[in-house]
Amino acid sequence: MNVLQQIASVAKEHPEKVAYRSAGQTVTYGELWEQSNALAHTIKKMNLPKNSPITVYGHMSPKQIIAFLGVVKAGHPYIPLDISIPSERITHIVEASKSSFMITTEQFDLEIAVQQQAANDLIVKGEGAQNNPTTWVSEDEVFYIIYTSGSTGKPKGVQISESNLRHFVAWINEACSLPNGVYLNQAPYSFDLSVMDLYPALTGGRELHAITKSQIENAGLLFEELHDSSINVWTSTPSFAKICLMNPEWNDEQMPDLQTFLFCGEVLPLQVVKELKQRFKKATIYNLYGPTETTVAVTAVEVTDDMIKTYEHLPIAPVDTGVLKIMNEQMEEVTDGEKGELVIFGPTVSTSGYLYAEEQTNKVFKTHEGERVYKAGDLGYIQDGHIFYAGRSDFQIKLHGYRMEIEEIEKQIEALDEVGACVVLPVKSGEEVTALTACVALHNEMTEKPFKVTKNLKEKLLKAIPNYMVPKKFVYLDSLPLNMNGKVDRKRLAVEVGL
Amino acid sequence: MDKEKVIQIIADVCEDDVVLEERDLDLFQEGLLDSFGTINLLVAFEDELGINVPITVFNREEWNTPNNIVMQLEELA
């Protein structure tokens, strides 16, 4: 059964069951199904270009997931746009994706090139519409497009097909022995970590409990919400778990139903796992690995006490999954202990790559012995039958679980009028990136105090890139040091600014 | 409680000396503090001042500026 058929059968058998809960609002499977039919019906009547993407702007409202399903039922891929995405980036995504329409579930004031309408209006207009599976997105058609940071200076859209998503859901159910019950969603829908709980929950007839940005920003509210939630399966970045661990009362007394932790998006620190094991004695912890390009995650490791005792870093995969291999530049598998690039195989590798970016697609999506593969750019090695992560081969980093290309940030800073040249350096604690520092050479001599200049640059930057990509610290230099090849000498620069 | 020391801790965590000069600056709006910075700040208060601020007490409305943070700490100390 495809993804929509699976949700349909839940809606048919248990229409009264709660599908989604967020900030006090709920929808049942019956409502989810009928309202997404209604929305799909209204969309279809608009005669938008066939298969053109539709953006869905909003946050955690139940209408957001009704809109996702309605869009794919009408035969279009959806592009999730969270309220945290800055205006210039939204404008860029709307234009670059050639999307034909925007659905909103939160207040939206920006002028954009396409028509937009509130999800609620679309639902009301199509009330009572019948289900029509003939138009549903299926197989190799694109189900969703998620935009991720790009080294060219602009974000790129990763296209995930219905077949990719269906295979991901089947795999994770088995690999992590997913139980029934209540699932947590912490990530905004524009971040593909959210897919890790959204579709396993909906296709399995489970309840998804989404927490909001304002709850996360106010710890008092957050823990009240978690305490009352009966959550069984926890999906988040390790960084988010670190925030929760700051509260000594966050444990299995406060969340007695918690059975499974799923972590993905960045390196899972040993210290976080040790602490969780003490506080949640009965819970199982999984460390998952995978990039957006291969549908969220492709491997999972159940973290055992033995691993915690033996290793300094946790493994990301067993060696024999068949979907993750470590290869050298000649695309041959490396021997134990030797470093190589992580290459991903299997049915969740994006079928069509990046949207309208053939060159970028061909660089990383390859055919190897007749099979489509994705070269992740991550490095790894094999030890004791496990695969371990060993950093990046380029300038991509993960900061608090957010993936970003250092070059995109540099290009955006260099695009500001005042700036002559810029290099962004990661501030590290061990292998973990904890902050970013921008080293900037201005066109003209500084006439104001540095913090005022920084404030002004940050304000401009926030229109183009999300908050989490803006470097925390700005250092001003007369010029950036160059190496013998005439490129900026990043190592020397790091020493000069004291990193 | 040493007010200047508190301000210096905030400046260190925010990695910006603007904190020393503009004490009514909203640290969250200015992008100087986020959820992760908040954790570092609370850990620093505990380590350097011996004041334990429960994360559930901290909110962005009352703990938003250097001056307000000093005031809140004085109540807890």
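## Chatting through chains A and B

Reader: Where is Asn180(A) found?
Author: Asn180(A) sits in the loop between helix H6 (162–175) and strand E9 (182–185) of chain A. Keep in mind that this is a predicted model.

Reader: Buried or exposed, that Asn180(A)?
Author: Exposed: Asn180(A) has 12 other C-beta atoms within 10 Å, and a residue counts as exposed at 12 or fewer.

Reader: What does Asn180(A) touch?
Author: Leaving out residues up to four places away in sequence, Asn180(A) touches Gly204(A) and Arg206(A).

Reader: And what separates Asn180(A) from Met246(A)?
Author: Their C-alpha atoms are 28 Å apart, and along the chain the two are 66 residues apart.

Reader: Ok, zooming out. How is chain A divided?
Author: Into two parts: domain 1 covers 3–381 and domain 2 covers 397–496. Taken over C-alpha atoms, the centres of domain 1 of chain A and domain 2 of chain A are separated by 30 Å.

Reader: How many residues does each domain put into the contact?
Author: Domain 1 of chain A supplies 17 residues and domain 2 of chain A supplies 18 residues.

Reader: Which helix gives the most on the domain 1 side?
Author: Helix H4 (residues 87–96) of chain A, with three residues on the side of domain 1 that touches domain 2. By class, that side of domain 1 of chain A has four nonpolar, ten polar and three charged residues.

Reader: Why is Ala23(A) called partly exposed?
Author: Because Ala23(A) has 15 other C-beta atoms within 10 Å, and the partly exposed class lies between the exposed limit of 12 or fewer and the buried limit of 20 or more.

Reader: Switching to chain B. How many helices and strands?
Author: Four helices and zero strands. From the N terminus on, the elements of chain B run α-α-α-α.

Reader: Why call chain B as compact as a globular protein of that length?
Author: Because the radius of gyration of chain B is 11 Å, close to the 11 Å that the globule rule gives for 77 residues. Along the principal axes, the C-alpha atoms of chain B fill a box of roughly 25 × 25 × 20 Å.

Reader: What share of chain B counts as buried?
Author: 31% of the 77 residues. As for contacts in chain B between residues at least 6 apart in sequence, 56% join residues at least 24 apart.

Reader: What does UniProt say about residues 1–77 of chain B?
Author: An unreviewed UniProt entry gives residues 1–77 of chain B the annotation "domain: Carrier". The end C-alpha atoms of that span lie 8 Å apart, and the span is 55% helix and 0% strand.

Reader: What does Ser35(B) touch?
Author: Ile216(A), Glu217(A) and Ile243(A), not counting residues up to four places away in sequence.

Reader: Last topic, confidence. What does chain B average for pLDDT?
Author: A pLDDT of 90, and 100% of the residues of chain B score at least 70. Among the elements of chain B, helix H2 (residues 18–21) has the lowest mean pLDDT (88) and helix H4 (residues 66–76) the highest (94).

Reader: And what are the ipTM and pTM of the model?
Author: ipTM is 0.77 and pTM is 0.91.

Technical notes:
Residues numbered from 1 in each chain as written. Chains lettered and ligands numbered in written order. Predicted model: local features only at pLDDT ≥ 70, side-chain atom pairs only at ≥ 80, totals over all residues. Helix = DSSP H or I, 4+ residues; strand = E, 2+ residues; numbered from the N terminus. Rg over C-alpha atoms; globule rule 2.2 N^0.38 Å. Contact = placed C-beta atoms within 7 Å. Domains from an automatic or database assignment. Nonpolar A, V, L, I, M, F, W, Y, C, P; charged D, E, K, R; others polar. UniProt positions renumbered as here; feature names shortened; annotations may be inferred. pLDDT = per-residue confidence, 0-100.
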